[in-house]
Amino acid sequence: LLESDPMLRKTQAHFYARHCSLGKYYTIQQFKKMEKVVYETARTSMDMLAKLGYYKKEQIKNKFVYTPIERK
């Protein structure tokens, strides 16, 4: 992933490689726990992945979740 998208950080590529099942929803807390980073870093990273087209950001009640988008 890092070789095909220079905008990705190592932690973002690591998380996406293990959390890219279509139809599943992932949270900022999962990123935080998996990558051992603080909440703000996790939120920024997930938002960047959504901006780059890896995830679709959705709001469910009072929290945001991210679901993978089919990539070509």
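**Close-up 1. Helix α1 packs its buried residues against β1 (26-27), α2 (28-35), α3 and β2 (55-60).** The model shown is predicted. Helix α1 spans residues 10-18. Its buried residues are Gln12, Ala13, Phe15 and Tyr16. Seen down the axis of α1, these residues fall within an arc of 165°, so they line one face of the helix.

**Close-up 2. Helix α3 has 13 residues.** From first C-alpha to last, α3 reaches 18 Å, close to the 18 Å expected at 1.5 Å a residue. Its buried residues are Ala42, Ser45, Met46 and Leu49. They cover an arc of only 95° around the axis, which puts them on the same side of α3. The elements that cover them include α1, α2, β2 and β3 (63-68). Just after α3 comes Gly53, with a positive phi of about 90°.

**Close-up 3. Tyr39 sits in helix α3, which runs over residues 39-51.** Leaving aside residues up to four places away in sequence, Tyr39 touches Ile28, Gln29 and Lys32. Gln29 is ten residues from Tyr39 in sequence. In space, their C-alpha atoms are 7.3 Å apart.

**Close-up 4. Tyr26 and Tyr55 form an edge-to-face aromatic pair.** The ring centres are 6.2 Å apart and the planes stand at 75°, so the pair counts as edge-to-face, the cut-off being over 60 degrees. This pair links distant parts of the chain. Tyr26 belongs to strand β1 and Tyr55 to strand β2, 29 residues apart. Both tyrosines, Tyr26 and Tyr55, are buried.

**Close-up 5. Tyr55 also pairs with Tyr66, again edge-to-face.** Here the rings are 6.5 Å apart, centre to centre, with 80° between the planes. Tyr55 lies in strand β2 and Tyr66 in strand β3, so the pair ties together parts that are eleven residues apart in sequence. Tyr55 and Tyr66 are both buried.

**Close-up 6. One aromatic cluster brings together Phe15, Tyr16, Tyr26, Phe31, Tyr54, Tyr55 and Tyr66.** How many aromatic pairs are there in the model? The count comes to six. Two members of the cluster, Phe15 and Tyr16, are among the buried residues of α1.

**Close-up 7. Lys57 lies over the face of Phe64.** The distance to the ring centre of Phe64 is 4.3 Å.

Methods: Residues numbered from 1 in each chain as written. Predicted model: local features only at pLDDT ≥ 70, side-chain atom pairs only at ≥ 80, totals over all residues. Heavy atoms only, no water. Helix = DSSP H or I, 4+ residues; strand = E, 2+ residues; numbered from the N terminus. Contact = heavy atoms within 4.5 Å. Buried < 20%, exposed > 50% of the residue type's maximum accessible area, 1.4 Å probe, protein only. Arc of directions from axis to C-beta. Expected span 1.5 Å × (residues − 1). Phe/Tyr/Trp six-rings, centres within 6.5 Å; stacked < 30°, edge-to-face > 60°. Lys NZ or Arg CZ within 6 Å of the ring centre and 35° of its normal.
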